[in-house]
Amino acid sequence: GIFCALSHSATFEGWQASARYFSVVVIIITSPNTKLRGGIKPIMKIIMKVLMVAAVAIALPGLAQANDWLLKNQKDPNQWVMPTGNYSAHRYTKLKQINKGNVSNLKPAWGFSTGVLRGHEGGPLVIGDTMYIHSAIPNKVWSLDLNNEARINWMYNPVKGGKYPSGITMDRVISVMCCDNVNRGVAYARGQGSGKGTIYLHAADTSLIALDAKSGKVKWSVVNMDAGVGNYAVSASTGTG
């Protein structure tokens, strides 16, 4: 028999994992009395096929390209384009206006409450002059105008009539979730041209919902899994669920 294993080592930064090294192990198992028909050539052909499949498996992740706009603007300290700041999940800003010398002088300018008394594990996004905030179940999303003391531009609630887009009730989704009814954040991507951004919400029922960043209208929605049998989701920004 022939056994093939593809393994990799990964480094973890925040909630994201990045595979760095791959190795392929091929083991040929035969009994002591086994005679190989046609010699070693047939086995070598099988091994070559296995290695080709492994090579494709290693190369495919490299074909996935991140949104070019995000790659550029994750370096802009005036914006916060991902819940963790950048793809390396540094959660660090280079802004220097607030420092250890003046932090004690800070006073509240305005506040905003989601009204949801559950875990909020994902940071807000800041795209230009707009802040996007999400909540735990029912996974509401808000767009706030930072030039007008966080005036609400729009609000989206995926739960209507007690049900998520998948048709599963919110109560059923809550019953299968572990570790509180949290959500770890929405994601943003910029399309072609200015003002064509999209906010992606991975709701707790596993629905992936694309919202127009300017209007909050639903562009499309798709269900990944059946929340009725115990599946659930917590993030569009980190790919966890």
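Student: Which residues touch the most other members of the largest nonpolar core?

Tutor: A nonpolar core here is a set of buried Ala, Val, Leu, Ile, Met, Phe, Trp, Tyr and Cys residues joined through side-chain atoms within 4.5 Å. Buried means under 20% relative accessible area, exposed over 50%, and partly exposed in between, using a 1.4 Å probe and protein chains only. In soluble globular proteins, nonpolar side chains tend to be buried together. In this predicted model, the largest such core has 25 residues, and Tyr188 and Ile199 touch the most other members.

Student: Which helix and strands each supply at least two residues of this core?

Tutor: They are helix H2 (68-73) and strands S3 (125-127), S6 (151-156), S8 (197-202) and S9 (207-212). Helices (H or I, at least four residues) and strands (E, at least two) are DSSP runs, numbered from the N terminus. There's also a second, separate core of 6 residues, with Val126, Trp142, Leu144 and Ala150 among them.

Student: Back to Tyr188: what is in contact with it, leaving aside neighbours within four places in sequence?

Tutor: Contact just means heavy atoms within 4.5 Å. For Tyr188 the list is Trp69, Leu70, Val81, Leu125, Ile127, Gly197, Thr198, Ile199 and Ala213.

Student: How many aromatic pairs does a search of the whole structure find?

Tutor: A pair of aromatic rings is described by the distance of the centres and the angle of the planes. Rings of Phe, Tyr and Trp (its six-membered ring) pair if their centres lie within 6.5 Å; planes under 30 degrees apart count as stacked, over 60 as edge-to-face and the rest as tilted. The search turns up 4 pairs. In one of them, Phe112 and Trp142 have ring centres 5.4 Å apart and planes at 75°, so this pair is edge-to-face. Phe112 sits in the loop between H2 and S3, while Trp142 belongs to strand S5 (residues 141-145), 30 residues apart.

Student: Are those two buried or exposed?

Tutor: Phe112 is partly exposed, at 27% relative accessibility, whereas Trp142 is buried at 6%.

Student: And how does the whole chain read?

Tutor: The chain has 3 helices and 10 strands, in the order β-β-α-α-β-β-β-β-α-β-β-β-β. Of its 241 residues, 32% count as buried.

Methods
Residues are numbered from 1 along each chain as its sequence is written. This is a predicted model: local features need pLDDT of at least 70, side-chain atom pairs count only at pLDDT 80 or more; totals for chains, interfaces and linings use all residues. Side-chain values use heavy atoms; hydrogens and water are left out.
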